[in-house]
Amino acid sequence: MTVHAFIFPGQGSQSVGMGAELAAAFAPAREVFQEVDDALNQKLSALIFEGPMEDLTRTENTQPALMAVSMAVLRVLEKEGGLELKRVAALVAGHSLGEYSALAAAGSFGIAQTARLLRQRGTAMQKAVPAGEGGMAALIGVDLDEARAICAEAAIVRVEGEPDRTEIIEVANDNGGGQIVISGRATAIERAIPIAKARGVKRAVVLPVSAPFHCSLMAPAADAMGEALERAEIAPPIVPLVANVSAAKVTDPQAIRDLLVRQVTGTVRWRESVEAMAAMGVDSFVELGAGKVLSGLVRRIAPDAASRSVGTPADIEAFLASL
């Protein structure tokens, strides 16, 4: 029997018009978008369906927007297709903000609550570092140890006649398939690019991001999320979550709370998370929501497992027919 894990995308999967076909076709999808709009007191659905892209990519909008699309897909599967999450999925996981979508899917958070938490998370992350002072870069064709060595070298600031000092630069995402994202001070990221190329890394490119996510510069955002999550009701998930920072199963609400706070500054261990799920017997990864980023990564990390993305009415029909 096929063992499914439901996985939920993070920042970078957004596009103007995502979820519009779903909302046009299905009342449960429209209800999700309406619930998110009401929770945020903003017509976020109009921004999702119509843009402009520069507003959608502002992190305080992107985070609840991607969750809304993922939850719209799930609600259609449940209400139109009769899918029961607990019966079909053995585990859930999400990439960065997608971890909140995974927890909403598993019933730990309500949709409105998740939207508000992600709005707070996006705003806190944006405020943590002044614009232009932080950055991120993608390294392609590199393993974790090499990426850490590049960061260690790029951290050192040498000025003639002065003692060496260091700047923050850390591994933000271990995405698998030789793709690692690093994050930190913009000047350290700039130094890392030629260092990576000199070490034979296939590609090293600065990413067009608004803040240095998943590194210790995000400590003020972690503090803000600690306070927000302390006040949040978290129910035990109906299926276990494989968490970003531990790459292990978790069901205890207090442990989930702690892991979500640590996730703001910690590395997203996506490669290890997928490997762990495969080792637990998962042989099918189903990405719910916008884009196909995670299903593409899964193919490189666990090539023997099936992977598919479900984000449109046609995807939903095909997935339900496969069950």
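Reader: What radius of gyration does the protein chain have, and how does it compare with that of a compact globule?

Author: The model is a predicted one. For 323 residues, a compact globule would have a radius of gyration near 20 Å; the protein chain has 19 Å, which agrees with that expectation. Its C-alpha trace spans about 70 × 45 × 35 Å along the principal axes, and 55% of the residues are buried. The secondary structure comes to 15 helices and 12 strands.

Reader: Why is helix 7 described as largely enclosed by the rest of the structure?

Author: Buried means under 20% relative accessible area. Eight of the eight residues of helix 7 (residues 98-105) are buried, so the helix is largely enclosed by the rest of the structure. Among these buried residues are E99, Y100 and L103. Just after helix 7, G107 takes a positive phi of about 85°.

Reader: What makes F6 and F319 an edge-to-face pair?

Author: By the rule applied here, the count comes to three aromatic pairs. The rings of F6 and F319 are 6.0 Å apart, centre to centre, and a pair requires centres within 6.5 Å. Their planes are at 65°, where edge-to-face requires over 60 degrees; the pair is accordingly edge-to-face. F6 lies in strand 1 (residues 4-8) and F319 in helix 15 (residues 313-322), so the pair ties together parts that are 313 residues apart in sequence. Both F6 and F319 are buried.

Reader: How do you know that F33 and F49 form an edge-to-face pair?

Author: Their ring centres are 5.0 Å apart, with 75° between the planes; the limits are centres within 6.5 Å and an angle over 60 degrees. The pair links distant parts of the chain, with F33 in helix 2 (residues 27-40) and F49 in helix 3, 16 residues apart.

Reader: Why is F33 called buried, and why is F49 called partly exposed?

Author: The cut-offs are under 20% for buried and over 50% for exposed, with partly exposed in between. F33 has a relative accessible area of 4%, so it is buried. F49 has 23% relative accessibility and therefore counts as partly exposed.

Reader: Why does S45 count as buried, and which residues does it touch?

Author: S45 has 5% relative accessibility and so counts as buried, the limit being under 20%. S45 is found in helix 3 (residues 44-50). Leaving aside residues up to four places away in sequence, S45 touches F33 and D37.

Definitions and conventions:
Residues are numbered from 1 along each chain as its sequence is written. This is a predicted model: local features need pLDDT of at least 70, side-chain atom pairs count only at pLDDT 80 or more; totals for chains, interfaces and linings use all residues. Side-chain values use heavy atoms; hydrogens and water are left out. Buried means under 20% relative accessible area, exposed over 50%, partly exposed in between (1.4 Å probe, protein chains only). Helices (H or I, at least four residues) and strands (E, at least two) are DSSP runs, numbered from the N terminus. The radius of gyration is taken over C-alpha atoms; the globule rule is 2.2 Å times the number of residues to the power 0.38. Contact means heavy atoms within 4.5 Å. Rings of Phe, Tyr and Trp (its six-membered ring) pair if their centres lie within 6.5 Å; planes under 30 degrees apart count as stacked, over 60 as edge-to-face and the rest as tilted.
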